[in-house]
Amino acid sequence: LDKCAELLAGTGAALHPGLPSSGAPIPARRVGRARRRPSVLFVCTGNGARSQIAEAILRERASDRVEVASAGSHPKPVHPNAIKVLAERGIDISGSRSKPITEFSGHHFDYVITLCDIVREVCPEFPGQGQPMHWSTEDPSRASGTVRDTLPRFRALATELDTRIGFLVSLIDNKSTKENAHHGR
């Protein structure tokens with residue numbers, strides 16, 4: 001088969017200028033329209049800890065298979081412990097910024113995941129919103145004590161979110177596999 005492909009590729013340019021001629025692989029023909037990547041929005045009140053950590057962990061775990069963002073109803077700066085616990089996991093969010101929910105008005109998301117009870121009540125609906133989810137998580141930045149004192153709470157949150165995100169990635173992958181099978185891919 002390799003020899004046949006090589007011979008066919010060698011005659012490609014003679015047949016049509018758009019066909020490869022130097023042994024390059026012939027591009028696969030796409031059937032139907034291209035599938036877009038599933039999209040996820042994590043929302044909490046401040047977008048300074050929980051949703052930032054969730055966004056970063058999903059981006060790390062799902063790589064380029066999922067589009068992911070985070071936002072807050074009342075954004076505040078990214079907490080230093082959110083940056084620290086992710087750095088311990090090899091994830092750099094030192095350049096991240098908090099974003100207001102309004103920044104994503106009009107965007108389509110397959111999954112909108114609220115991470116606190118307060119934002120669940122005020123989170124707007126998004127066009128064509130797929131599956132809303134609510135993961136009630138504790139805000140480690142509200143714990144009393146110094147930044148150093150609250151670090152264990154941030155680590156516990158990151159571990160909890162990592163577990164939940166593992167199940168989310170499985171859900172997304174299974175749904176994509178079923179959709180691709182349904183569309184003959």
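These legends go with several views of a predicted model of one protein chain.

View 1. Count the elements and you get five helices and four strands. Starting at the N terminus, they run α-β-α-β-α-β-α-β-α. Of the 185 residues here, 38% are buried. Look at contacts with a separation of 6 or more, and 67% of them link residues 24 or more positions apart. The chain shows about 11,000 Å² of accessible surface, and carbon and sulfur atoms hold 54% of that.

**View 2. Helix α2, a mostly covered helix.** This one takes in residues 50–62. Its 13 residues should span 18 Å at 1.5 Å a residue, and since the end C-alpha atoms sit 18 Å apart, the two values agree. Ten of the 13 residues are buried. The buried run starts with R50, S51, Q52, I53 and A54, carries on through E55, A56, I57 and L58, and A62 is on the list too. Just past the helix, check the backbone at S63, where phi is positive at about 55°.

View 3. Where does T137 sit? You'll find T137 in the loop between β4 (131–134) and α5 (147–182). Is T137 buried or exposed? T137 counts as buried because its relative accessibility is 8%, and the cut-off for buried is under 20%. Leaving aside residues up to four places away in sequence, T137 touches R50, L115, L157, E160 and L161.

How values were computed: Residues are numbered from 1 along each chain as its sequence is written. This is a predicted model: local features need pLDDT of at least 70, side-chain atom pairs count only at pLDDT 80 or more; totals for chains, interfaces and linings use all residues. Side-chain values use heavy atoms; hydrogens and water are left out. Helices (H or I, at least four residues) and strands (E, at least two) are DSSP runs, numbered from the N terminus. Buried means under 20% relative accessible area, exposed over 50%, partly exposed in between (1.4 Å probe, protein chains only). Contact means heavy atoms within 4.5 Å. Accessible areas come from the Shrake-Rupley method with a 1.4 Å probe; for residues, only the protein chains shown count as cover. The expected span of a helix is 1.5 Å times one less than its number of residues.
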